[in-house]
Amino acid sequence: MEQPYMREEKENIKIVLFPQIKKSRYKKVLFDCLIGKNVIKKYNPDIVLSLQNIILFGVKQPQYLYVHQAIPFQKEKKFSFFRKNERSLALIQYIIGFFIKLSISHADKVFVQTHWMKEVILQYCNDEKQKVLVAFPNVNTYHIDISKHESNRFFYPTSNMTYKNNNDIVKACNILNKKGISDFEIRLTLPENTISHRNIKCIGQINKEQMEHEYQSGTLVFASSIETVGLPLLEARACSTLIIASDTAFSRECLYNYENAAFYSALNVEELAQRMEHIITSHQKPLEIINVSSKGEGWKKIYEEITKSSSNMH
């Protein structure tokens, strides 16, 4: 573990810190491939659970792997080492991705968050389909209050990663402006003044209570084209929020049978603008849908699998 995640040790929990492995991706791979096996040998556990997509190579114990990195498995985008803003993503797609796929083939069990991820990684499992289990994440309970909804207010929890497609938001706003539609605001969780546009407000990172307020007050726009699971989609769904999402495997799975969702072809800014225009001009309100939050088992399923296997060893 690294320092920020350190917690108090318990009777049955021993914490060992290796802060140096977070200094670079190279040090992380070095630990996974060479150093980690010596740590495992020292403590001799029954099972090794790797939560960061890559197993510890050279370990004799059964290894369970949690895979939550979608970049090596998606087909929407090929990142390039020759483009400065894509180099870190290209590293994940091709180099780190190689070790992730190798880990999947060697792991005794593999946990993923979604069914679409399960389908794409089965090809690396050497015909051992039964070892891949879906632990769909659960989300916090949110308060539903559709009376606060404003049809000209939008929200996108995002980051500076290129696959978040923030430029598509700008282009969609420009299309609406050319049509004479200017009375709307879309709020992005980017540092203040990251984007200069009269209809875009960058509000920085926000807490859970502020997220709930945003979900209640406007429409979620989710332009990202690469995710394992789009957590904001599940959170907004739990709030009965109107959602405009790029049409991807993960968004279809997260929003299955959700009546407040509308999709647009990923990267098609004309369709995105049309979806936004419809909500603005028709003053569309969300339907109040009770009990729509994620029913995933998440960590509970992983815990049960580990304890079951550990019990069978003794």
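This is a predicted model: local features need pLDDT of at least 70, side-chain atom pairs count only at pLDDT 80 or more; totals for chains, interfaces and linings use all residues.
## Strand β3 and its neighbours

Strand β3 covers residues 109-112, and it's a handy place to look around from. On one side, β3 pairs with strand β2 (residues 63-66) in the parallel sense, over 3 bridges. If you want to find this pairing in the structure, look for Leu65, whose bridge partner in β3 is Val110. Tyr64 is another residue to look for, as it stands opposite Lys109 in β3.

β3 is also joined to strand β4 (residues 132-134), again by 3 bridges, and these two strands run parallel. Here Phe111 has Leu133 as its bridge partner in β4.

Are the two faces of β3 covered or open? Both are covered. In a regular strand, side chains alternate between the two faces of the sheet. In β3, Lys109 and Phe111 are on one side, Val110 and Val112 are on the other, and all of these residues are buried.

## How the chain gets across

So what links these strands along the chain? Between β2 and β3 comes helix α2 (residues 87-106), and the three elements make a right-handed β-α-β unit. From β3 the chain then crosses through helix α3 (residues 115-121) to β4, and this β-α-β crossover is right-handed too.

## Aromatic pairs

Now for the rings. Searching the whole structure turns up 10 aromatic pairs. One of them is made by Phe81 and Tyr94, with the ring centres 6.1 Å apart and 40° between the planes, which is a tilted arrangement. Phe81 is in the loop between β2 and α2, while Tyr94 belongs to helix α2, so this pair links parts of the chain that are 13 residues apart.

Phe222 and Phe250 form an edge-to-face pair, at 6.3 Å centre to centre and with 80° between the planes. Phe222 lies in strand β8 (residues 219-222) and Phe250 in helix α7 (residues 249-254), so their contact ties together parts 28 residues apart in sequence.

## A ring cluster and two charges over rings

Some rings join up into a group. Tyr142, Phe155 and Tyr215 are linked into a cluster by ring pairs. Tyr142 has another neighbour to look for: Lys208 lies over the face of its ring, 4.6 Å from the ring centre.

Elsewhere, which residue lies over the face of Phe263? That's Arg252, at 3.8 Å from the ring centre.

Technical notes. Residues are numbered from 1 along each chain as its sequence is written. Side-chain values use heavy atoms; hydrogens and water are left out. Buried means under 20% relative accessible area, exposed over 50%, partly exposed in between (1.4 Å probe, protein chains only). Helices (H or I, at least four residues) and strands (E, at least two) are DSSP runs, numbered from the N terminus. Two strands pair if DSSP finds at least two bridges between them. A crossover is right-handed if, with the strands pointing away from the viewer, the path from the first strand over the helix to the second runs clockwise. Rings of Phe, Tyr and Trp (its six-membered ring) pair if their centres lie within 6.5 Å; planes under 30 degrees apart count as stacked, over 60 as edge-to-face and the rest as tilted. A charge sits over a ring if NZ of Lys or CZ of Arg is within 6 Å of the ring centre and within 35 degrees of the ring normal.
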